[in-house]
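Here is a short report on one protein chain. Keep the sequence and the model side by side as you read.

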Amino acid sequence: MKLAQRLLYYLGGFGIGLILLFFFLGGKKTSCDYGPDARVLKNIRIKKRIFSEDARNTMQIHQIDTADISSILKKGGVNFSKSNTEMDSCKIYFIEGVIKQKNINLLVENCDSIAKIKTLNIVQ
């Protein structure tokens with residue numbers, strides 16, 4: 001078998017495999033959240049979120065809504081050096097993100113069934 005035929009068979013099989021892969025995984029909501037930041041943020045996103053009074057007041061003053069918080073939880077980053085992950089019951093995460101050209105820091109208490117946003121700080 002010539003090299004050109006081998007290459008043609010290889011590319012044909014590879015193309016069929018890609019089509020099958022897109023067919024089976026195309027309609028599903030699969031994600032590849034393998035990094036520690038992505039896993040923590042996804043875990044917080046899927047839970048019911050509760051805002052403390054301090055966080056609500058800061059949100060009202062700076063005109064930040066829950067959609068902006070969801071955006072931070074999707075595109076932000078977790079600062080593990082400022083987080084307290086050693087606790088058994090509810091771990092506390094320090095999340096940093098940018099919204100409307102404002103640097104925003106969240107302190108989130110991540111429990112089994114809820115995620116409580118304790119503080120929200122705007123950094124200049």
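Which residues form a nonpolar patch on the surface? The patch is made of Leu7, Tyr10, Leu11, Phe14, Ile16, Leu18, Leu20, Leu21, Phe22, Phe23, Phe24 and Leu25. Together these residues have about 1300 Å² of accessible area. Keep in mind that this is a predicted model.

Phe23 is found in helix H1, which covers residues 3-25. Phe23 is exposed, at a relative accessible area of 64%. Phe22 lies in helix H1 as well. Phe22 is exposed too, with a relative accessible area of 61%. From Phe22 to Pro36 there are 14 residues in sequence. In space, the two are 27 Å apart, C-alpha to C-alpha.

**Overall build**

The protein chain has four helices and five strands. From the N terminus on, their order is α-α-β-α-α-β-β-β-β. Along its principal axes, the C-alpha trace spans about 70 × 35 × 25 Å. The radius of gyration is 21 Å, whereas a compact globule of 124 residues would have one near 14 Å.

Of the 124 residues, 30% count as buried. The chain exposes about 9000 Å². Carbon and sulfur atoms supply 57% of that area. Now take the contacts with a separation of 6 or more: residues 24 or more positions apart account for 44% of them.

Start with H2, residues 36-45. Its buried residues are Val40, Leu41 and Ile44. Seen down the axis of H2, they fall within an arc of 95 degrees, so they line one face of the helix. What do the buried residues of H2 pack against? Their partners are strand S1 (48-51), helix H4 (66-75), strand S2 (77-84), strand S3 (91-99), strand S4 (102-110) and strand S5 (114-123).

H3 spans residues 53-61, and Ala55, Thr58 and Met59 are buried in this helix. They cover an arc of only 100 degrees around the axis, which puts them on the same side of H3. Glu53, Gln60 and Ile61 are exposed on the other side of H3. The buried residues of H3 pack against S1, H4 and S5. After H3 comes Gln63, which has a positive phi, near 55 degrees.

**Salt bridges**

How many salt bridges does the count come to? The count comes to two. Both are listed here.

| Side chains | N to O distance |
|---|---|
| Lys100 and Asp68 | 3.3 Å |
| Glu109 and Lys118 | 3.9 Å |

Take the pair of Lys100 and Asp68, which meet at 3.3 Å. Lys100 lies in the loop between S3 and S4 and Asp68 in helix H4, so the pair ties together parts that are 32 residues apart in sequence. Is Asp68 buried or exposed? Asp68 is buried, with a relative accessible area of 13%. Lys100 counts as partly exposed, at 48% relative accessibility.

In the pair of Glu109 and Lys118, the side chains meet at 3.9 Å. Lys118 counts as partly exposed, at 31% relative accessibility.

Most residues other than glycine have a negative phi. Which phi does Lys100 have? Lys100 has a positive phi of about 50 degrees, although it is not a glycine. Gln101 has a positive phi of about 60 degrees and is not a glycine either. The place of Gln101 is in the loop between S3 and S4, and the place of Lys100 is in that loop too. Gln101 counts as exposed, at 80% relative accessibility.

**To recap**

Phe22 and Phe23 belong to the nonpolar surface patch. The buried residues of H2 line one face of that helix. Lys100 meets Asp68 in a salt bridge, and Lys100 has a positive phi.

Conventions
Residues are numbered from 1 along each chain as its sequence is written. Side-chain values use heavy atoms; hydrogens and water are left out. Buried means under 20% relative accessible area, exposed over 50%, partly exposed in between (1.4 Å probe, protein chains only). Helices (H or I, at least four residues) and strands (E, at least two) are DSSP runs, numbered from the N terminus. The arc is that of the directions from the helix axis to the C-beta atoms. Contact means heavy atoms within 4.5 Å. Patches are made of residues with over 30% relative accessible area and no salt bridge: like charges are joined within 9 Å, nonpolar side chains (Val, Leu, Ile, Met, Phe, Trp, Tyr) within 5 Å. Accessible areas come from the Shrake-Rupley method with a 1.4 Å probe; for residues, only the protein chains shown count as cover. A salt bridge is a side-chain nitrogen of Lys or Arg within 4 Å of a carboxyl oxygen of Asp or Glu. The radius of gyration is taken over C-alpha atoms; the globule rule is 2.2 Å times the number of residues to the power 0.38.
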